[in-house]
Amino acid sequence: MLDKSIKILVVDDFPTMRRIIRNLLKELEFVNVDEAEDGAMGLEKLKAGQYGFVVSDWNMPNMDGLAMLQAIRADPAMAKMPVLMVTAEAKKENIIAAAQAGANGYVVKPFTAVTLEEKITKIFEKIAKEGA
Amino acid sequence: MVQQNPLGASASGSLLPDSAEQLLQRIGHLTRQMRESIRELGLETSVAKVAEAIPDARDRLGYIAQMTERAAERALNAVDAAQPIQDALAKEAKGLSQRWDAWFANPVELDEARQLVMDNRAYLKSVPQQVSATNAQLMEIMMAQDFQDLTGQVIKKMVQVIQDVDTQLLQLLLDNAPSLEKKHEPAPAPALAADTAPAGNQLHGPEVKTGLVDAVNDQDQVDDLLASLGF
């Protein structure tokens with residue numbers, strides 16, 4: 001059974017989108033949600049806190065989502081952190097680049113609540129399977 | 001070449017407006033002068049880029065119009081769907097409350113009281129379902145706000161394009177201003193921002209057109225692409 005108290009970080013430069021994702025997570029009963037407005041701030045928070053899951057945009061100032069993902073994968077302390085990309089980037093080359101960098105899922109904006117739930121469930125199911 | 005004031009129609013001091021023919025001649029002359037200057041200054045490529053940016057800008061503005069309209073419709077539809085549910089809840093509660101008031105004022109008929117209790121029970125049972133239907137509409141209103149992120153990204157790009165066009169045109173004007181006595185060396189035209197972006201891993205923002213071969217159109221295509229690559 002999925003632990004709903006897991007600490008989640010939502011990284012997006014648009015406050016509206018952060019609120020939407022936070023509300024959707026709340027609807028899915030994930031209540032322990034924190035926010036960051038770009039990759040640099042996201043990485044800082046991730047290094048400081050006990051997060052279990054990251055939902056990140058791609059195109060952001062300072063440090064974009066892909067660079068943040070690469071930094072997460074390069075850091076032994078959090079290399080296994082599940083990361084879901086939620087982005088407007090719909091070019092095939094971008095999707096492939098994110099997958100190669102180690103993204104656990106890729107959702108294209110605009111997305112539906114059902115899609116987000118599906119991807120999150122799938123990611124945690126896979127982790128549970130691998131851990132078993 | 002006779003120097004003319006390109007802006008004023010009254011360069012000669014006369015306040016009389018030009019005749020139509022004179023005006024056309026003047027515009028023709030200015031256009032020719034502009035073209036020559038553009039060629040002399042090596043700005044032809046920049047101008048071509050600006051011209052290319054215009055249809056793209058049209059697509060972007062169309063995308064913004066479409067997304068905002070869709071968001072407004074989604075929100076209004078959700079309100080239309082939620083209001084009758086709320087009205088019905090309130091109306092039923094009011095009706096039951098009145099019946100209870102009447103019974104408490106005159107608590108005699110047992111049959112009526114029994115019916116009231118049963119109706120009340122049925123109402124209480126139906127409330128969570130109705131509330132969750134309203135909640136679904138509230139979620140829909142929230143999801144409709146996702147346009148702000150998408151149009152915001154497109155608007156940022158548009159602002160960049162407008163800034164580029166503005167800079168280029170201003171440069172053209174400065175380099176070509178007849179009032180400047182000394183003809184200075186034209187400054188190199190600033191490149192459009194798109195040229196300076198690093199190659200590879202380029203970010204494109206939301207797709208403003210559908211049906212492109214190098215981009216996906218929906219989440220299913222994302223999933224298929226990733227699955228085909230073994231992710």
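A helix here is a DSSP run of H or I with at least four residues, and helices are numbered from the N terminus. In chain B of this predicted model, one such run is helix H2, residues 44–105, and Ile54(B) lies in it.

Stepping back to chain B as a whole, its secondary structure amounts to six helices and zero strands. Read from the N terminus, the order is simply α-α-α-α-α-α. Chain B has 231 residues, and 12% of them count as buried. As for its contacts with a separation of 6 or more, 73% come from residues 24 or more positions apart.

Helix H3 of chain B, residues 110–144, has 35 residues. From first C-alpha to last, H3(B) reaches 51 Å, close to the 51 Å expected at 1.5 Å a residue. Even so, H3(B) has a bend of about 30 degrees at Val127(B), and a proline, Pro128(B), follows within four residues. Helix H4 of chain B covers residues 147–176, which makes 30 residues. The distance between its first and last C-alpha is 43 Å, close to the expected 44 Å. Which residues of H4(B) are buried? Among them are Phe147(B), Leu150(B), Val154(B) and Leu172(B), along with Asp149(B), Asp164(B) and Gln168(B).

Chain A, unlike chain B, will be told here through its strands. Strand E1 of chain A takes up residues 8–11. Ile8(A) and Val10(A) point one way from E1(A), while Leu9(A) and Val11(A) point the other way.

E1(A) has a partner in strand E2 of chain A, residues 33–36, and the two pair in the parallel sense over four bridges. Within this pairing, Leu9(A) has Asp34(A) as its bridge partner, and Val10(A) stands opposite Glu35(A).

Why does Leu2(A) count as partly exposed? Leu2(A) has 13 C-beta neighbours inside 10 Å, so it counts as partly exposed. Leu2(A) and Thr121(A) are 119 residues apart in sequence, but 8.5 Å apart in space when taken C-alpha to C-alpha.

Finally, the two chains meet. Chain A puts 26 residues into the contact, and chain B puts in 25 residues. On the chain A side, the elements that give two or more residues are H1, helix H4 (92–101), strand E5 (105–108) and helix H5 (113–131). Sorted by class, this side of chain A has 17 nonpolar, four polar and five charged residues.

Technical notes
Residues are numbered from 1 along each chain as its sequence is written. Chains are lettered from A and ligands numbered from 1 in the order in which they are written. This is a predicted model: local features need pLDDT of at least 70, side-chain atom pairs count only at pLDDT 80 or more; totals for chains, interfaces and linings use all residues. A residue is buried if 20 or more other C-beta atoms lie within 10 Å of its own, exposed if 12 or fewer, and partly exposed in between; C-beta atoms are placed from the backbone. Two strands pair if DSSP finds at least two bridges between them. Two residues are in contact if their C-beta atoms, placed from the backbone, lie within 7 Å. Ala, Val, Leu, Ile, Met, Phe, Trp, Tyr, Cys and Pro count as nonpolar, Asp, Glu, Lys and Arg as charged, and the others, Gly among them, as polar. The expected span of a helix is 1.5 Å times one less than its number of residues. The bend at a residue is the angle between axes fitted to the seven residues ending there and the seven starting there.
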